[in-house]
Amino acid sequence: MTTIPLTDLAEPAITCSTCAACCCRLEVMLITDTGVPERYIDIDDWGGEVMLRLDDGWCAALDRDSMRCTIYEKRPLICREFETGSHDCLEERRGIATAYR
Ligand code: SF4
Ligand code: SF4
């Protein structure tokens with residue numbers, strides 16, 4: 001009998017294309033001006049600017065069909081710094097594992 005080491009078991013690749021844009025449900029504060037259109041900006045309870053989220057929980061700037069950012073060139077700094085494969089990314093992916101395609 002051949003024993004397969006646990007480390008050789010196929011893990012799903014960490015890529016945004018196999019993820020239901022989990023990180024786009026997080027609160028995103030606007031701490032610099034990257035040109036986010038006004039219609040996607042909301043004000044939080046403390047008066048700070050954040051990305052508007054719709055009733056489904058996702059960012060208003062997310063295309064619900066493609067699950068891609070519609071303002072990618074103008075996305076907030078926090079979105080730019082949220083790295084694929086980072087600890088935070090893995091945590092978010094774990095949170096909605098059943099949504100993976
Ligand atoms: S949680 Fe990670 S894999 Fe998923 S969309 Fe965000 S950066 Fe991409
Ligand atoms: S601005 Fe774009 S990358 Fe940032 S949370 Fe919204 S849809 Fe996601």
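These legends describe close-up views of a predicted model. Local features need pLDDT of at least 70, side-chain atom pairs count only at pLDDT 80 or more, and totals for chains, interfaces and linings use all residues. Residues are numbered from 1 along each chain as its sequence is written, chains are lettered from A and ligands numbered from 1 in the order in which they are written, and side-chain values use heavy atoms, with hydrogens and water left out.

**View 1. The protein chain and its elements.** The protein chain has 2 helices and 4 strands. Helices (H or I, at least four residues) and strands (E, at least two) are DSSP runs, numbered from the N terminus. Their order from the N terminus is β-β-β-β-α-α. Of the 101 residues, 25% count as buried. Buried means under 20% relative accessible area, exposed over 50%, and partly exposed in between (1.4 Å probe, protein chains only).

**View 2. The surroundings of ligand 1.** Thr15, Cys16, Cys19, Ala21, Cys23, Phe82, Thr84, Cys89 and Arg93 surround ligand 1. A residue is near a molecule if one of its heavy atoms lies within 4 Å of it. The shell of ligand 1 has 6 nonpolar, 2 polar and 1 charged residues. Ala, Val, Leu, Ile, Met, Phe, Trp, Tyr, Cys and Pro count as nonpolar; Asp, Glu, Lys and Arg as charged; the others, Gly among them, as polar. Ligand 1 sits in the largest pocket. A pocket is found on a 1 Å grid over the protein atoms alone: it is an open set of points where a 1.4 Å probe fits, with protein on both sides within 12 Å along at least five of seven lines. A molecule sits in a pocket if more than half of its atoms lie within 2 Å of its grid points.

View 3. Around ligand 2 are Cys24, Val28, Met51, Cys59, Ala61, Leu62, Cys69, Ile71, Pro76 and Cys79. This shell counts 10 nonpolar residues, with no polar and no charged ones. Met51 belongs to strand β2 (residues 49-51). Met51 counts as buried because its relative accessible area is 5%.

View 4. Most residues other than glycine have a negative phi. Ala21 has a positive phi, near 50°. Ala21 lies in the segment before β1 (41-43). Its relative accessibility is 9%, so Ala21 counts as buried. Met67, not a glycine, also has a positive phi, of about 55°. Met67 lies in the loop between β3 (62-63) and β4 (68-69). Met67 is buried, at a relative accessible area of 16%.

**View 5. Cys19 and Met67.** Cys19 is in the segment before β1. Cys19 counts as buried because its relative accessibility is 12%. Cys19 and Met67 are 48 residues apart in sequence. Their C-alpha atoms are 8.9 Å apart in space.

**View 6. Arginine charges and aromatic rings.** The charged end of Arg25 sits over the ring of Trp58, 4.3 Å from its centre. The charged end of Arg75 sits over the ring of Tyr72, 3.8 Å from its centre. A charge sits over a ring if NZ of Lys or CZ of Arg is within 6 Å of the ring centre and within 35 degrees of the ring normal.

Conventions:
On a 1 Å grid over the protein atoms alone, a cavity is a set of points where a 1.4 Å probe fits but cannot get out, and a pocket is an open set with protein on both sides within 12 Å along at least five of seven lines; lining residues have an atom within 4 Å of a point.
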